[in-house]
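Here are a few notes to read alongside the model. Take them one at a time and find each part on screen as you go.

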Amino acid sequence: MIGNSFFINALRFTLLVLVQVLVFNRLDFFGFINPMIYVLFVYWYPIKENRSTFLIISFLLGLCVDIFSDTLAINTAASVTIAYFRPVLMRFVFGVNYEFQSFKLNNSTKAQQITFLALLIVIHHLTYFTLEIFSFANGSLIVQKTLIIGLATLILCLLLISLFSTKKE
Amino acid sequence: MQQIINFLIRYKTFLLYLLLLLISFVFTFQSHSYHQSKFLNSANYISGSLYAFSDNFTSYFALREENEALLKENEVLRHQLYNQESYAASPDSSKAAYKVLRGKVVKNSFSGQRNYITIDQGKSDSIAQDMGVITDKGILGIVENTSNGFASVQSILNDKSKINAKIKNSNHFGSLVWDTKKYTTVQLIDIPRLAPLSIGDTIVTGAMSSIFPENIPIGTISKFDLDSSKSFYFIDIALFNDMTNVKNVYIIQDLNRAEVLELEAETQTDDR
């Protein structure tokens, strides 16, 4: 069982990095919209795992994306940040019952899932663009980019989630 | 002691987070004022090969257009060559000031603040840092890092980029920068107010750099205005190059660069 979960996560890690750098980094929709769909890894990662391992894996995930897209270590900082804040966000969105053994992401309501994903994306993009632009004189640009590109990321992530959902209707 | 250990255990996730964040900040800010990080760039073996692999497929789609463009360029070059006064079939290579190498873009980006392009030529093809990269239409950027088979190029669409440029017909020179807003437009600053300007004037590279040869086209003036000090112009330039669609590039090696740099360093030490 552990081997299975490890295998799925390793495959997910590789595929998300490849899809991110080969497809979504080149999308350039309207000239500047490049959704960062690798955030989905943090969304999908098992809840009951060791937090330190999770932080280190997220660090490596960001680093891989950074190496491919020449963005110094901005993606790394952003993905480590959402990995750290994930438990806080989960408690906020799902209430205390996410700590129970039987909790599964699929069992929660659609609204809760979308809120959780949207919060992850907002924090990730805010960290990313703050570091990329790195001046508070351009505060409005940071907010603008976070909202527009965040919305694009959210839509694409929802599409990908419904595409790979294992739940049978 | 017990309490310190307890503290460490209790906050170990937070401390790990801080450590990882610190590492990423170090990678982000340790880079030289205008150079990208030495370790984190796409000119390494793994990412370079992956991009080259994917380029193998995607390059087929534009093959016809690329061929057309190269033929057109050949036509222009032959025209220039045959109309030169002293046409020599094999120019004397010992007197050449520049060496031109060819390359192919395997990864391009233009939507961020600091854009880098990866090309499929590296150290083993005698590419080194600070060589100029151009296309047949105009300048593209400067080589930043190299690995054995690949090089990453700092695009002119990069807020760290600063290139010497001049107005073609009046020889007033300034610096070419990018305000990160539009990928079709770059800015020329530090042109004095007394320079005669008009919309549509051509901007070319200046003679002050030991990276690019003089008179490589950049773009045309699309808008100009005085800056806040009212003594210099702030000029918008529409690029000749379509930065979203670059494939075949030329890398220029200035053979006199080492000599020029040595001389400049010598002069500076003499001044002190």
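**Notes on the two chains**

1. Let's start with chain B: of its 272 residues, 31% are buried. Keep in mind that you're looking at a predicted model.

2. Still on chain B, you can count five helices and 12 strands there. Take the chain B contacts with a separation of 6 or more: 60% of them link residues 24 or more positions apart.

3. Now for the cores. Which residues touch the most other members of the largest nonpolar core? They are A:Ile37, A:Tyr38, A:Val39, A:Leu55, A:Val80 and A:Leu120, in a core of 46 residues. Each of these helices supplies at least two residues of this core: α1 (2-22), α2 (40-44), α3 (51-69), α4 (74-94), α5 (110-133) and α6 (139-164) of chain A, plus α2 (12-29) of chain B.

4. Zoom in on A:Tyr38. Leaving out residues up to four places away in sequence, A:Tyr38 touches A:Leu16, A:Val17, A:Gln20, A:Leu61 and A:Val65. Apart from the core of 46 residues lies another one, of 43 residues, including B:Ile117, B:Ile156, B:Ile163 and B:Ile203.

5. Last, the place where the chains meet. How many residues of chain A are in contact with chain B? The count is 26 in chain A, in contact with 27 residues of chain B. On the chain A side, α3, α4 and α5 each supply at least two residues, and α3(A) gives the largest share, eight residues. Sorted by class, that side of chain A has 14 nonpolar, seven polar and five charged residues.

Key:
Residues are numbered from 1 along each chain as its sequence is written. Chains are lettered from A and ligands numbered from 1 in the order in which they are written. This is a predicted model: local features need pLDDT of at least 70, side-chain atom pairs count only at pLDDT 80 or more; totals for chains, interfaces and linings use all residues. A nonpolar core is a set of buried Ala, Val, Leu, Ile, Met, Phe, Trp, Tyr and Cys residues joined through C-beta atoms within 7 Å. A residue is buried if 20 or more other C-beta atoms lie within 10 Å of its own, exposed if 12 or fewer, and partly exposed in between; C-beta atoms are placed from the backbone. Helices (H or I, at least four residues) and strands (E, at least two) are DSSP runs, numbered from the N terminus. Two residues are in contact if their C-beta atoms, placed from the backbone, lie within 7 Å. Ala, Val, Leu, Ile, Met, Phe, Trp, Tyr, Cys and Pro count as nonpolar, Asp, Glu, Lys and Arg as charged, and the others, Gly among them, as polar.
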